[in-house]
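Please keep the model in view while reading.

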Amino acid sequence: SSHLGSGWSSWSAGLGRLRRHSEQRPAAMGRVIRGSRKGKSLIFTAKTRLRKGAVKLRPVDFAERTGFIKGLVKNIIHDPGRGAPMAEVVFHDPYRYKLKKERWVAVE
């Protein structure tokens with residue numbers, strides 16, 4: 001009977017440990033959704049080290065409001081992480097004696 005009593009006490013002690021463990025953290029069902037996993041990790045971030053620069057249109061000034069302005073395409077470059085190539089277009093500044101270089105998306 002002493003053997004039966006010692007087994008019972010060890011079983012109840014184990015049950016107490018189980019109960020304490022389940023109270024600390026609720027049992028999770030399923031898996032963590034993809035958006036949550038992407039927010040946590042560093043491997044899903046965009047590789048921006050080799051990017052060429054921001055692509056913008058010219059600001060709408062007097063020359064573009066009243067007509068058009070002539071530019072010269074200097075270079076067509078590939079930007080990693082972008083589907084279309086980029087064009088470097090040079091314009092004469094309408095107000096000062098200098099050239100303005102803009103980067104556009106080179107569509108067809």
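How many residues lie between S2 and S3 in the hairpin that they form? There are 6 residues between these two strands.

## Basis of the report

This is a predicted model, in which local features need pLDDT of at least 70 and side-chain atom pairs count only at pLDDT 80 or more, while totals for chains, interfaces and linings use all residues. Residues are numbered from 1 along each chain as its sequence is written, and side-chain values use heavy atoms, with hydrogens and water left out.

## Elements and sheet

The protein has 3 helices and 3 strands, where helices (H or I, at least four residues) and strands (E, at least two) are DSSP runs numbered from the N terminus. Read from that end, the elements follow the order α-α-α-β-β-β.

The 3 strands make an open sheet in the order S1-S2-S3 with antiparallel pairing, and two strands are said to pair if DSSP finds at least two bridges between them. At the edges are strand S1 (71-77) and strand S3 (99-105), each of which pairs on one side only.

## Strands S2 and S3

Strand S2 (residues 86-92) is joined to S3 by 7 bridges, and the two run antiparallel. Along this pairing, Met-86 stands opposite Val-105 in S3, and Val-89 stands opposite Glu-102 in S3.

## Burial and contacts

Of the 108 residues, 13% count as buried, that is, under 20% relative accessible area with a 1.4 Å probe, protein chains only. Among contacts (heavy atoms within 4.5 Å) with a separation of 6 or more, 36% come from residues 24 or more positions apart.

Notes:
Buried means under 20% relative accessible area, exposed over 50%, partly exposed in between (1.4 Å probe, protein chains only).
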